[in-house]
Number of protein chains: 2
Amino acid sequence: MSKPTLFTLFSPRLLDIYDVSNSIVVIIDVFRATSTIATALYNGAIKIIPVDNVAKCIEIGNATPNSITAGERDGKIIEGLAHGNSPAEYSRNFIEGKTLVLTTTNGTKLLHMALKNGADEVITGSFPNLSAVCDHLIAAKKNVILGCSAWKDRINIEDTLFAGAVIHYIKAYFTIHCDSSLIAEQMYLLHKDDMKSFIRLTTHWHRLAAYGLEKDLEYCVTADVANVLPIFNNDALVIL
Amino acid sequence: MSKPTLFTLFSPRLLDIYDVSNSIVVIIDVFRATSTIATALYNGAIKIIPVDNVAKCIEIGNATPNSITAGERDGKIIEGLAHGNSPAEYSRNFIEGKTLVLTTTNGTKLLHMALKNGADEVITGSFPNLSAVCDHLIAAKKNVILGCSAWKDRINIEDTLFAGAVIHYIKAYFTIHCDSSLIAEQMYLLHKDDMKSFIRLTTHWHRLAAYGLEKDLEYCVTADVANVLPIFNNDALVIL
């Protein structure tokens, strides 16, 4: 039996090139949407409703009992929303039993693009849930597209490194004819042992460190600290 | 005085993100358009007219004395054109004193996109003219966009490696806040000493090697064997 295929897209702008309709699409937004999604679900959130604009975030928040609206644009909490996009905000004490309505600059945008293009299944990936993602993709035996959310369509290193980590652990189970995947895996292997220092070289580090978020960013490149699998089902991300 | 900026784009799809109007855009299509362009000019071609479709290639060829029409789609010579896209075809004996009218799958497409978006200056780069490109960019003291032509918008490694080589040699002269540039340089440093074996892992190698083009591809990653600077001026690429 032939193996399923795996492709990596480094920017949402490249999504149209790939056939998502027969694929599991893994939404990757390491700094910080998908790290926060894994963390909130791990800490007991009932579900996370990802929305692509602020007005809808407030509207759904108002209509949903026991919910929290959250979101950021350009790394800052949006006016009118209660919380931001830091995984540190979503401790078990705070989020257990609640619904999180979330809008972010890049990750929720790519998620909605993948749904609109008819993705067979949408899950979210980040270092905090690396193993859960790998285990699921190996078990599912379907084609995979690793979708880096990037920063306003510009390629970023942290999402590339996570794609590379996934590829490194699951490549034996897939047919991979994709230079982006080769680049991602090589970048991961080059930096897996110096991740916390290497990410200090990225453009996003400089953007977010200005807001005092160094601890947040280090958490976001730590493997398996919130090891659940968020899957999109009925308009929300829930634990599979 | 602040240094000029440098950005790398890994796919033509990302061109709109960057402001090309104040930049020198370096068109990179290592396999094989820009390697062929450098080689033909180095071997005495008067000029190269890059066109984006076959009909126009034939029309301009018919209207231009002492010209040769050439082009490929998907690695093969196009029906109706006289020659292909292999640098090996353009020896001094053959091309000296002639005008080459050229259309290719990716490189000439990105070149026309850059012109349409109002690029301040367009040059072409490839390993055969690596030093000429670096020397020019250092001397020009303008903003730079390294434009990888990719393969039908999919990111490829060979163009990435060339961008990385340029960055490695000129980075001291530029302000670089661009993760793509960081990735490109790291990939180049990782493989600069095993280029001829590494490119055998790329998707493009497998595509073109099927046509018996291994020697061509090895030539295309050899530095400074056709070390001239092609610059776009009055509808054609000429030596600066």
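## Where the chains meet

The contact between the chains takes 23 residues from chain A and 23 residues from chain B. Two residues are in contact if their C-beta atoms, placed from the backbone, lie within 7 Å. Helices α6 (157-170) and α7 (179-191) of chain A each supply at least two residues of the side that touches chain B. α7(A) gives the most to that side, with 7 residues. By class, the side of chain A that touches chain B has 11 nonpolar, 8 polar and 4 charged residues. Here Ala, Val, Leu, Ile, Met, Phe, Trp, Tyr, Cys and Pro count as nonpolar, Asp, Glu, Lys and Arg as charged, and the others, Gly among them, as polar.

This is a predicted model: local features need pLDDT of at least 70, side-chain atom pairs count only at pLDDT 80 or more, and totals for chains, interfaces and linings use all residues. Residues are numbered from 1 along each chain as its sequence is written, while chains are lettered from A and ligands numbered from 1 in the order in which they are written.

## How the copies are related

Two copies of a chain are related by a rotation about an axis and a shift along it. Here chain A can be laid on chain B by a turn of 180 degrees and a shift of 0.0 Å along the axis, with an RMSD of 0.0 Å. That is the relation of a two-fold axis. The superposition is by least squares on the C-alpha atoms of residues with pLDDT of at least 70 in both copies.

Of the residues of chain A, A:Arg13 comes closest to the rotation axis, at 3.3 Å (C-alpha). The copies meet through the same surface, because 100% of the interface residues of chain A are also interface residues in chain B.

## Chain A as a whole

The secondary structure of chain A comes to 10 helices and 10 strands. Helices (H or I, at least four residues) and strands (E, at least two) are DSSP runs, numbered from the N terminus. The radius of gyration of chain A is 16 Å, close to the 18 Å that the globule rule gives for 240 residues, so chain A is as compact as a globular protein of that length. That radius is taken over C-alpha atoms, and the rule is 2.2 Å times the number of residues to the power 0.38. Along its principal axes, the C-alpha trace of chain A spans about 50 × 40 × 30 Å.

Buried residues make up 57% of the 240 residues in chain A. A residue is buried if 20 or more other C-beta atoms lie within 10 Å of its own, exposed if 12 or fewer, and partly exposed in between; C-beta atoms are placed from the backbone. Residues 24 or more positions apart account for 80% of the contacts in chain A with a separation of 6 or more.

## A buried loop residue

A:Ala119 is found in the loop between α4 (107-116) and β7 (121-125) of chain A. A:Ala119 counts as buried because it has 24 C-beta neighbours inside 10 Å. A:Ala119 and A:Asn22 are 97 residues apart in sequence, yet 6.8 Å apart in space, C-alpha to C-alpha. Leaving aside neighbours within four places in sequence, A:Ala119 is in contact with A:Val20, A:Ser23, A:Val25 and A:Ala114.

## A helix and a hairpin in chain B

Helix α1 (residues 33-42) of chain B is mostly covered: 10 of its 10 residues are buried. Just after α1(B), B:Gly44 takes a positive phi of about 105 degrees.

Strand β9 (residues 230-233) of chain B has a covered face, B:Pro230 and B:Phe232. Its uncovered face holds B:Ile231 and B:Asn233. β9(B) runs antiparallel to strand β10 (residues 236-239) of chain B, and 4 bridges join them. Two strands pair if DSSP finds at least two bridges between them. B:Ile231 stands opposite B:Val238 in β10(B). The two strands form a hairpin with 2 residues between them, and B:Asn234 in the turn has a positive phi of about 55 degrees.
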